[in-house]
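Here are my notes on the model. Please read them with the coordinates open.

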Amino acid sequence: MNTLQALIMGLLQGLTEYLPVSSSGHLTIASELFGIDGESNMTFTIAVHVATVLSTLVILGSEIGKILKGMCNPLSPRSLKGNGTFLNRLNPDQRYVLNILVSMIPIGIVGVFFKDQVEEFFGSGLFVVGICLLLTAALLTFSYLARPRQRENISLGHAFIIGLAQAVAVLPGLSRSGSTIATGLLLGNKKEKLAQFSFLMVIPPILGEALLDVLKMVKGEEATGGIDTLPLIVGFVAAFISGCAACKWMIGIVKKGKLIYFAYYCAIVGVASIVYSLLK
């Protein structure tokens with residue numbers, strides 16, 4: 001992988017990880033059209049995913065700090081008298097962290113036990129990417145048209161359902177952020193809170209996926225795919241900068257309810273991918 005290819009792949013990873021257009025789908029398209037083989041290079045893949053996580057920590061750093069600080073507060077005094085359930089004793093920040101942990105359960109199970117089988121069964125060609133992009137477009141459209149009754153806070157059950165949406169999004173072309181945010185909107189959760197929750201809940205799975213890739217490299221199950229230091233650095237920096245921009249931009253987009261435009265984009269790219277795969 002040369003420096004220009006690393007730059008393109010890094011920019012794509014950072015931008016499309018947060019925008020609801022599927023990072024895996026766009027990396028597949030770029031690889032097919034330009035001969036950029038980033039996904040097979042595990043060292044590069046791990047680097048750009050870590051860069052994406054760092055961009056989230058930078059943009060949402062103050063919110064994360066507040067949540068962690070609030071999580072350290074003691075339980076409600078009512079617990080000393082045995083009144084109320086455990087959930088009722090939690091403060092809002094502790095509930096928030098619990099929701100994130102619950103949302104991780106589905107992707108954790110799929111990632112550890114079934115990810116390879118899912119990828120082998122569905123494949124990762126442009127036809128599959130195109131179909132999944134059309135599904136992403138449909139999901140974004142439904143979430144835009146639906147007008148469910150608004151809920152003030154994300155419940156534990158909704159957190160798990162949103163986590164299921166994230167687990168399904170292991171398919172190439174099915175946007176992780178698009179799936180989680182759209183599912184949350186369809187459940188009636190307020191859009192002002194969904195983007196932040198969606199971006200924070202993705203941090204552990206991304207790091208976990210990177211850790212699994214490292215273990216595969218150590219065991220020799222995956223080739224590292226030789227890459228020079230400069231392209232690796234360029235890809236990392238590109239993913240970090242574009243990830244910061246996309247994360248901040250996406251939060252504003254969700255608050256304004258403008259996801260329908262991404263539905264149009266995913267539909268166009270999805271159809272083009274299918275047609276290209278059939279004519280190739």
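1. A term comes up in the helix packing below. A crossing is left-handed if the near helix is turned anticlockwise from the far one by less than a right angle, and right-handed if clockwise. The crossing of α1 and α12 is right-handed.

2. Provenance. This is a predicted model, in which local features need pLDDT of at least 70, side-chain atom pairs count only at pLDDT 80 or more, and totals for chains, interfaces and linings use all residues. Numbering starts from 1 along each chain as its sequence is written, and side-chain values use heavy atoms, with hydrogens and water left out.

3. Overall make-up. The protein has 13 helices and zero strands. Both element types are DSSP runs numbered from the N terminus (helices: H or I, at least four residues; strands: E, at least two). Of the 280 residues, 45% are buried, meaning under 20% relative accessible area with a 1.4 Å probe, protein chains only. The accessible surface is about 13800 Å², by the Shrake-Rupley method with a 1.4 Å probe. Carbon and sulfur atoms account for 68% of that surface.

4. Contact range. Contact means heavy atoms within 4.5 Å. Take the contacts between residues at least 6 apart in sequence: 81% of them join residues at least 24 apart.

5. α1 and α12. Helix α1 spans residues 3-18 and helix α12 residues 229-256; they pack at about 25°, with axes 7 Å apart. Axes are lines fitted to C-alpha atoms over the stretch in contact, and angles run from 0 to 180 degrees between N-to-C directions. That angle makes α1 roughly parallel to α12 (under 35 degrees; over 145 is roughly antiparallel). The α1 side of the contact includes Gly 10 and Gly 14, and the α12 side includes Gly 235 and Gly 243. By class, the contact residues are 13 nonpolar, six polar and no charged. Ala, Val, Leu, Ile, Met, Phe, Trp, Tyr, Cys and Pro count as nonpolar, Asp, Glu, Lys and Arg as charged, and the others, Gly among them, as polar.

6. α7 and α13. The axes of α7 (residues 126-145) and α13 (residues 260-279) come within 7 Å and cross at roughly 160°. So α7 is roughly antiparallel to α13. The crossing is left-handed. Their contact has 18 nonpolar, six polar and no charged residues.

7. Pro 106. Where does Pro 106 sit? Pro 106 lies in helix α6 (residues 92-122). Its relative accessible area is 6%, so Pro 106 is buried. Beyond its neighbours within four places in sequence, Pro 106 contacts Phe 160, Gly 163, Leu 164 and Ala 167. Pro 106 and Gly 163 are 57 residues apart in sequence, yet 5.9 Å apart from C-alpha to C-alpha.

Conventions. Angles under 35 degrees count as roughly parallel, over 145 as roughly antiparallel, 65 to 115 as roughly perpendicular and the rest as oblique. Buried means under 20% relative accessible area, exposed over 50%, partly exposed in between (1.4 Å probe, protein chains only).
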